[in-house]
Amino acid sequence: MNLKKCLAIGLSLTMSLSLMAGCASGGSTSGAASGEKQVVIYSNADEEAVTAMQNALNSNGYEGKYIFQTYGTSELGGKLMAEGTNLEADMITMSTFYVQSAQDQNKMFLPLTFDVNTMAEVPDYTAPITSQEGAIILNTELMKSENLPTPTCLKDLADPIYAGQIAVTDIQSSSTAWLLIQALVSAYGEQGAQEVLSGIYQNAGAHIETSGSGPLKLCRAGEVAIGFGLRHQAVADKASGMPIDFVDPTEGNFSLTESVAVLDKGENTNPLAMEMAQCIIDNGRAELQQTYPNPLYEGETADSANKSTYPMTFGEPLTFELFKAHQDLSERAKG
Amino acid sequence: MKQKNWELKLIFWIIAALFAAFLAGPILLLLGKSMWDGGFTFEFYASVVSKKGFLGALGNSFAVAAASAVLATVIAFLMAYAVHYTGLPKWFKSLVTAVATLPMFLPTITYGFAIIYSFGKQGLITRLLGRQLFDLYGFGGLLVGYVIYTIPVAFLLIHNTMGFVDKKALIVSKVMGDKNLSTFWIAVLRPLLGTLAGAFIQAFFLCFTDFGIPASVGGGYDVIATLLYNQMLGGIPDFNRGAVIAMIMLIPSVGSICILQILERFNIRYNRIDQTELRKNTTRDVCWGVGDTILSVMILAIFAVIFVVPLVESWPYKVGFTVTHFQSVFSDGSLLAAYGHSLTMALLTAALGTLVAYGAALITARSTLSRGYKQGIESIALVTNAIPGMVLGVAYLFLFSGTSLQNTMLLMILCNIVHYFSTPYLMMKNALSKMNAGWETTAMLMGDSWIKTILRVVTPNAMSSLIEVFSYYFINSMVTISALIFIAGAKTMVLTTMIKQLQYVNRFNEVFVLSLLILATNLAAKAIFTWLANREAAHAVKK
């Protein structure tokens, strides 16, 4: 009988706990300053960028006043599209392309109230924080053991000598692959790009990955000798002593930016969010540029030691329609 | 004399309400999204089905899921048989049980890595054996991954039911002069047919709906789950077409409902379950012992790498021993909070989920309610099986965003209960349907209320299954990722969502450390639950 009493009490406690859990997590009681709600920031940025942004915020008096939550690009993209202004976050940093798609669909961001002096024109609800470039990634050990010549351009990757040794990302599932396709289209036009891409896909075989960081992962694990991915990730791996190297392809290091945006929650908009966004742009760029060297704002220069060899921008504006067109190109190249 | 059954009806309506809100709601939402674009339209269906490669991917999914499910069921049966029908020493049986359920204790994200890091070009096993065993990208890798993924579920179902099958039938069969094969069929296989089918179906749908393993080792072998992922969360999220794929993925579950209905007639109820002594047969024992050892070693071998990788500097190129990865993980302040959330969520899910599964199983297996009620519950169970976690998560996003349930722990708990309902329900149903059907009637004639009968007679007999169900919910809540990543908020982050974030930035050493933490927690929990179960059994005997 004792056990049953314990069970009964346990169960009733459980029910009450879960009801409390339901209410408690909805409201915010975690260590915020009196009366002020913490600003919730959602971000798909990499670790180095997050650290830089947090440093900027903390050294300007915002420590403890925000919660930083990182997500993968796909999940955050899904949440942005599905939740719109119901998103828990007050501010986001996200691939600019997604921010624009979300704004087109949900009209969910406020125009930024501070000056954004970028070198290129950007929508008024975004301010870029990083510019991420693509590059060819090499596993130096495998290149040696398989006796492979070092590629200098993307067209080299279509050479049959690299069959089974390449990993790339599928543009169907990740926008990182766009960097590769932009470079090919810019250098060889649509038809030429499709041919080169076809050769690359043939060499990649089973290694057309769903995640943008997939090719680098395979290079690290010694599964493939060559990949295409984000340059700064390869730079970091090389610096930490792994047998990873990178090559800037002659077709160009194309880039995609990530931007900060503030959600329009009407009356519930947290005023601190806009301040923090401004703080990140004004004070965070210096540290961000250490990892992502491309200059974005007036007055910024690239660190010559760190920057890529062929930084280039695509001729047309990077819109939803262009992305779809390049996705179709990729599907045709798969044959 | 007509039984009023009001208690059972109440339970039914509570469960129905729960699933109406948290299962039917999302499905209807998806149905709507697949057909609505300002107006009613079949355009999405047409464009998805006619897209190149769709039917091929669908066929591939069926093929690899069916093959994996068959293999997993067979292996699980072999292992469960050794535990119940041989005279092997107790410690060996415990070991086999532990190994068979081990993969469930780890997040599924680790399986893909485990396979690549074990069998890849620089894999642990490749290095030990000197050459790659098989090409792990494509059907081969998927098969290995899926089989490992589904053996625990199949094993739990079969092992659970075997405990309720009366072994006296073996003796009777032998006395009647049956040959060995006949005995096997009559006394062992036939009572288990329903369960074996259930295990196959569970395994099939787990494989059919998973996209984590194809993302790692799928290679060029397209499966429908990858297509679904690309539509929902790819470069351009297209929820309408994603909803179409999700709807199409639900269709096989209709077939599974019919199969289980048909096999219901093979079910045998027992008046009493006696613990019979098995015949001594050393040859039999040795053969089974060797066979199961081989199977266990194979399963363990694949996961050995998860223990090795975090303890070296950088697999596979710098294999010096180091504890820096463990240190960096445990010095992270947000880890403790996430761990606390994980534990709370898992415990609450287990408690509430067990009640729901028990109630549902009581209705189907031990009541005189009309067929309609029972069909309802069966359909719910089999439909929850066919929904990928990611789809549930995204649907919850649409449904509950903006409501007070958004980003709360309660929503996560309910999501887990709904997502993992199938197997616990089947386990409880199998257990309850093997017990004497006359208990409720006898008790009623004696003047006891229905509740009293359930608490005093049925529950003690089903306690071992209840505890299995509790631990199943707990363990799976600790390791689930795909739905939670969408509904967890910044203040309710759990360990597995942390793992997902680490995965995106390629910090796999930390991923493995966290996975080991989850594994340790699950093992500890299992040990506690087993101890409780044994204590309860001893307690019952003493009384």
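A: Two residues are taken to be in contact if their C-beta atoms, placed from the backbone, lie within 7 Å. The model is a predicted one. By that rule, 53 residues of chain A and 54 residues of chain B make up the contact of the two chains. On the chain B side, the elements that each supply at least two residues are α5 (109-119), α11 (224-233), α15 (333-365), α17 (389-400), α18 (409-419), α22 (484-487), α23 (495-504) and α24 (508-542). The largest share of that side comes from α11(B), with 5 residues.

Chain A itself is divided into domain 1 (37-130 + 256-291) and domain 2 (132-255 + 310-334). Taken over C-alpha atoms, the centres of these domains of chain A are separated by 28 Å. Where they touch, 8 residues of domain 1 are in contact with 9 residues of domain 2. On the domain 1 side, two or more residues come from each of α4 (96-106) and β9 (253-262) of chain A. Of the elements on that side, β9(A) gives the most, with 3 residues. The domain 1 side divides into 2 nonpolar, 5 polar and 1 charged.

Next come some strands of chain A. Strand β1 (residues 39-43) of chain A is mostly covered, with 5 of its 5 residues buried. Both of its faces are covered: A:Val39, A:Ile41 and A:Ser43 are buried on one side, and A:Val40 and A:Tyr42 are buried on the other. β1(A) runs parallel to strand β2 (residues 66-70) of chain A, and 5 bridges join them. In this pairing, A:Tyr42 stands opposite A:Gln69 in β2(A). Helix α2 (residues 47-62) of chain A belongs with these two strands: β1(A), α2 and β2(A) make a right-handed β-α-β unit. β1(A) is also joined by 3 bridges to strand β3 (residues 91-95) of chain A, again running parallel. There A:Ser43 stands opposite A:Thr93 in β3(A).

Another strand to follow is β7 (residues 226-230) of chain A. Because 5 of its 5 residues are buried, strand β7 is largely enclosed by the rest of the structure. It pairs with strand β4 (residues 127-139) of chain A in the antiparallel sense over 5 bridges, and A:Ile137 stands opposite A:Gly227 in β7(A). With strand β5 (residues 166-169) of chain A, β7(A) pairs in the parallel sense over 2 bridges. In β7(A), A:Ile226 is the bridge partner of A:Ile166.

The largest nonpolar core has 264 residues, and A:Met91, A:Ile137, B:Ala76 and B:Ile158 have the most contacts inside it. α15(B) gives the most to this core, with 17 residues. From chain A, at least three residues come from each of domain 1 and domain 2.

Conventions:
Residues numbered from 1 in each chain as written. Chains lettered and ligands numbered in written order. Predicted model: local features only at pLDDT ≥ 70, side-chain atom pairs only at ≥ 80, totals over all residues. Helix = DSSP H or I, 4+ residues; strand = E, 2+ residues; numbered from the N terminus. Buried ≥ 20, exposed ≤ 12 C-beta atoms within 10 Å, placed from the backbone. Pairing = 2+ DSSP bridges. Domains from an automatic or database assignment. Nonpolar A, V, L, I, M, F, W, Y, C, P; charged D, E, K, R; others polar. Right-handed = clockwise from strand over helix to strand, strands pointing away. Core = buried A, V, L, I, M, F, W, Y, C linked by C-beta atoms within 7 Å.
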